[in-house]
Amino acid sequence: MKKVIASVAALTGAALVLAGCSSGGDGAASSSDASGSASGPVTLEFWHGYTEADGKVLDQIVADFNASQSDITINDTTKTWADIGDQLLTALSAKQGPDLVALPAENLPIYASKGAFAPLDDWYSSSEAAASLNQNAVSMEKINGSYAGVPWGFVPLSVIYNKALFDQAGITEFPTTWDEWVATAKKLTIDQNGDGTPEQYGLVLPDHATVGNGVWASLFYEGGGEIVDKDGNAVVNSAANVKTLTYWADAVMKDKISPTGVDGVGADKLFTAGTVAMEVGGPWMASVAEGANIDYGLAQIPAGPAGPASSAIGISVAVTNQADDAKKAAAEKFFDYFYSQEVATKWSLGSGWPPLRTDIPASAVSSNPVVAALTPMAGTARPLLPGIANSVDVLAAVDEATQKALAGGDPTSLLDAANSAVSDALAP
Amino acid sequence: MSATAQTRRTYRAPGQLGGRPRGRGGPRPARLALAFLLPALLILAAFVFWPVISALRLSFTDSSGFGAEHFVGLANYVEIFTTPRILRTLGVTTMYAAMFTPLTIAAALALALLLNRRTLWGRGFFRTAFFLPFIISMAVAAFAWEFLLDPQIGLLNYWLQSIGIHLGNVLQDPNLALPTVVLVAVWKSFGFYMVIFIAGLQDIPGELYEAATIDGANAWQRFTNVTLPQLSTTLAFVAIFALIAAFQAFDQIYVLTGGGPYRSTQTVVMEIYQEGFKKLDIGLASALSYVLLVITLVLSLIQFRFFNRREEAIAG
Amino acid sequence: MSAVTVRSAARTSARPVVGRALAFLIALALAFAVLLPVLIIAVTAFKPPAEINAFPPGLVPTSWTLGNFTRIFTDLPFARLLGNSFLFAGGVTACALVFDSLAAYALARLDFRGRGLLLVVIVSSLMIPFQATLIPVYQLVAHLGWVNTFQGMIAPRAADAFGIFLLRQFFVSLPRDLDNAARIDGASEFRVFWSIVLPNVKPALLTLGIFTFVNNWNDLLWPLIFTTDPEMGTITSGLTLLTGPSGILPYGTMMAGSLIAVLPLGLLFLALQGRFIESVATTGLKG
């Protein structure tokens with residue numbers, strides 16, 4: 001009997017030793033909890049999701065900042081945006097998270113409303129740089145009357161178009177109004193075998209999970225409506241929005257200018273495959289198109305009845321409540337450095353997104369044609385659902401309305417249903 | 001007394017499925033069992049049972065995972081049962097399970113029987129071929145299926161169109177999205193259950209079949225009188241785990257439809273993930289997890305009963 | 001294997017070959033349907049990025065490339081990630097096989113009070129989705145100081161209810177006379193477990209081993225949550241680092257990485273699947 005227990009115990013012991021061995025090699029790897037003591041330099045952990053060339057530029061900016069002074073060291077870690085979303089919650093729950101974190105701007109309010117981030121009102125009121133920032137971008141950061149982050153990127157959605165397909169159709173001018181846009185798309189829609197399903201579409205208008213969730217927000221703005229007004233009320237079923245949705249549902253279903261049931265990622269795929277001529281997309285589509293050997297152009301989303309507008313894709317950086325006062329002060333010093341004219345210009349050119357400061361002239365960023373094309377549009381860009389904690393349910397309600405409308409549903413009743421769902425989501 | 005009954009009695013293990021074992025040395029001291037159980041129990045206690053109990057506590061709070069939390073009584077449970085949006089995820093999950101479980105068991109068992117034929121050429125190749133989908137990660141598998149199913153640039157659609165069939169947008173059709181996801185899930189997982197069935201089939205003594213053949217049983221009778229009863233512990237295992245897996249459906253939906261269109265594929269675990277990780281409502285996510293636990297437990301116990309009764313009926 | 005075939009062929013020689021051919025053709029047709037997505041994955045790994053979403057879609061690349069494979073090695077610390085994957089998935093599998101089989105043995109073949117209840121408790125712990133317990137588990141791991149370590153990734157999965165129940169089902173169906181005879185001869189309980197019961201459930205151990213290894217190898221969320229340090233990432237989580245903006249996945253590279261990961265697993269299975277047959281011959285069940 002004792003022998004049994006002993007042998008089982010020995011086996012358990014062996015397994016634990018095994019586990020111990022495997023852990024021996026990585027003692028040095030757990031550096032994330034290294035923190036600056038009161039006397040020494042302050043070390044900040046910084047998570048961001050810039051995985052492409054933009055990430056290398058950000059690494060360089062951080063390295064330059066670390067070299068420029070000796071009190072603060074920033075360790076930046078590249079993750080994907082999706083990974084940050086999954087890791088941040090658990091990491092914060094055990095105080096293992098970063099001190100600085102970059103995240104899609106629409107995710108900022110929910111974390112901020114649960115007390116994840118340190119308020120930055122003092123920085124906004126004292127920093128010279130803060131005053132020179134694009135105020136539309138800054139408005140993404142205000143949650144319940146307090147600033148929870150700083151804007152790290154703010155780019156308007158634009159239309160990317162396939163120049164070869166435009167040439168084939170003999171189109172030389174990019175449309176500037178909705179009616180022209182639809183007319184152009186019709187010319188570019190080709191149903192060779194006449195089976196009612198075009199082989200080439202003029203436009204891909206995704207009807208759910210659109211790029212930056214902003215395609216329909218942009219169209220609603222251009223039609224004179226919006227999703228939530230500035231007082232925080234649901235206004236999805238406004239007359240303007242019904243008109244906008246009806247207009248585009250007709251264009252897609254009667255004129256067949258776009259495939260239906262496509263999401264943002266699917267739209268990117270179709271554009272890359274060369275089977276659609278135009279797409280509302282983010283700035284990265286420029287390099288994606290290059291990779292697929294597509295000659296492209298970038299243009300502003302054609303204006304609707306209420307003029308040109310676009311929803312912006314935003315990235316915010318926040319200081320987590322894990323950071324103590326010294327770390328928060330250090331983070332604010334880094335912000336000042338980041339927003340200096342020189343660094344802000346460098347970041348704009350490196351990231352391919354328009355400069356965050358309004359006093360950087362377009363000529364300073366003309367060396368990057370994508371930035372040069374997007375910078376003039378930044379003035380008409382609006383943040384998506386700023387300050388709204390439950391953006392998940394709001395966006396799901398709008399998605400359902402647009403997807404059903406493009407499948408033949410009645411825009412008025414769909415937007416009414418969406419409006420009550422949005423109201424529920426906004427209720428405290 | 002037929003030869004079949006004779007052999008069956010000889011080869012039946014006493015104490016199958018819940019029957020009490022009849023060890024000849026009488027009941028062995030609990031200490032002995034504890035020695036065998038201890039390592040696993042320690043790990044389960046720390047990393048499974050305790051977190052499960054923590055989740056129960058969290059289900060009565062408004063926890064966000066970090067920061068302050070407050071006791072809210074049954075508020076989270078009340079919200080679940082009064083919010084149609086959330087209740088619907090229970091219906092979607094039940095539909096998913098009702099399709100996935102029988103399809104997976106049938107596919108796995110049919111192929112296990114086919115591949116268990118000694119006379120089949122290339123048996124090793126086929127076993128590996130049918131097992132392959134299981135070892136591919138879901139994210140990679142999703143790419144392949146989207147490549148096949150995409151209504152505009154998909155391969156399957158392209159092939160079918162050349163013979164005049166329009167497949168349509170199956171992953172974005174509110175009526176077809178769930179069955180499509182189920183099909184992909186069955187494709188992904190049947191190979192694993194098939195291997196379990198093969199392992200179970202290998203344990204059936206060949207004499208039982210010989211005896212049954214001598215008794216004049218045809219193929220179907222051999223299947224129902226020998227294979228099924230002898231496979232009952234394996235079958236019970238597969239049925240219960242396929243059911244649990246169905247009620248936990250997440251990966252395949254996350255990558256294929258994200259819960260859409262119109263939440264028609266939004267399962268309970270998708271909702272738990274969204275409430276917990278996207279809306280930071282850990283309290284509600286925990287409560288919903290417990291609702292799922294109770295449903296799955298009740299269904300599993302019914303299943304267990306069913307197999308037990310079959311077992312007794314056969315034994316008696 | 002060949003011996004078995006010869007023997008069975010002799011026994012069934014009277015049967016028409018038609019039946020065999022039919023079974024073979026059915027298996028072949030089914031295998032093609034099941035393998036089509038796998039084939040897509042394999043060929044995509046050799047496609048240049050511009051061809052992956054091209055229209056019309058093609059199964060075979062018009063220009064083959066190894067660029068996706070080289071990208072894995074140049075853009076990622078591939079060897080490190082691969083090593084991490086092996087340590088993580090291998091560590092979990094080794095631990096789970098040992099601990100699960102011990103526990104399953106007690107639950108299947110030892111008599112003690114509360115056995116049935118314990119089994120129900122263990123199995124029902126599987127019915128709580130892991131997303132719901134992730135935060136408490138993470139907090140515990142963090143409390144132990146194990147975030148970003150292998151033991152932090154492995155320990156929570158070192159024993160699991162699924163494996164315990166799977167092995168218990170196989171243990172339970174073994175004839176009791178086998179071990180009772182050994183007990184009467186004075187063998188210790190551990191000896192009965194180790195020398196008599198375990199060798200009889202090799203197929204089950206293999207099945208569980210492959211299942212555990214594959215699941216952990218392919219798991220994305222778990223290693224991601226427990227290792228915030230990219231140095232500790234696995235190949236599955238590492239490949240996502242090649243994700244472009246707006247969630248555009250690097251399909252070619254993903255498929256190449258997946259192929260490299262799946263190939264050894266597939267070959268391993270091909271090599272081992274014969275054991276399912278072999279082990280039966282050695283059990284003595286046929287006696």
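Is Leu280(B) buried or exposed? Leu280(B) counts as buried, with 25 C-beta neighbours inside 10 Å. The model is predicted.

Leu280(B) sits in the loop between H13 and H14 of chain B. Its phi is positive, about 55°, although Leu280(B) is not a glycine.

Tyr262(B) also has a positive phi, about 50°, and is not a glycine. This residue lies in the loop between H12 and H13 of chain B. Tyr262(B) is partly exposed, because 19 other C-beta atoms lie within 10 Å and burial requires 20 or more. The loop between helix H12 (251–256) and H13 of chain B holds Pro261(B) as well. The peptide bond leading from Gly260(B) into Pro261(B) is cis, with omega near -5°.

## The B–C interface

Chain B contacts chain C through 91 of its residues, which meet 89 residues of chain C. Eight helices of chain B each supply at least two residues of this side: H2 (30–58), H5 (123–135), H6 (138–149), H7 (155–162), H8 (177–202), H11 (232–247), H13 (268–278) and H14 (282–315). H2(B) gives the largest share, 18 residues. By class, the side of chain B that touches chain C has 64 nonpolar, 21 polar and six charged residues.

## A four-stranded sheet in chain A

Chain A has an open sheet of four strands, ordered E8-E9-E7-E10, with mixed pairing. Strands E8 (201–204) and E10 (296–299) of chain A stand at the edges. Each has a single partner strand, so one side of each lacks a neighbour in the sheet. The twist averages 20° from one strand to the next.

E8(A) pairs with strand E9 (276–281) of chain A in the parallel sense, over three bridges. Val204(A) has Glu279(A) in E9(A) as its bridge partner.

Helices lie across these strands. Helix H9 (178–188) of chain A lies across E8 and E9 of chain A and runs at about 130° to E8(A). Helix H12 (264–273) of chain A lies across strand E7 (158–162), E8 and E9 of chain A. H12 of chain A runs at about 145° to E9(A).

## A loop glycine in chain C

Where is Gly274(C) found? Gly274(C) is in the loop between helix H15 (251–272) and helix H16 (275–283) of chain C. Gly274(C) is partly exposed, with 14 other C-beta atoms within 10 Å. Gly274(C) and Pro203(C) are 71 residues apart in sequence, while their C-alpha atoms are 9.9 Å apart in space.

Conventions. Residues numbered from 1 in each chain as written. Chains lettered and ligands numbered in written order. Predicted model: local features only at pLDDT ≥ 70, side-chain atom pairs only at ≥ 80, totals over all residues. Contact = placed C-beta atoms within 7 Å. Nonpolar A, V, L, I, M, F, W, Y, C, P; charged D, E, K, R; others polar. Buried ≥ 20, exposed ≤ 12 C-beta atoms within 10 Å, placed from the backbone. Pairing = 2+ DSSP bridges. Axes fitted to C-alpha atoms, helices over the stretch in contact; angles between N-to-C directions.
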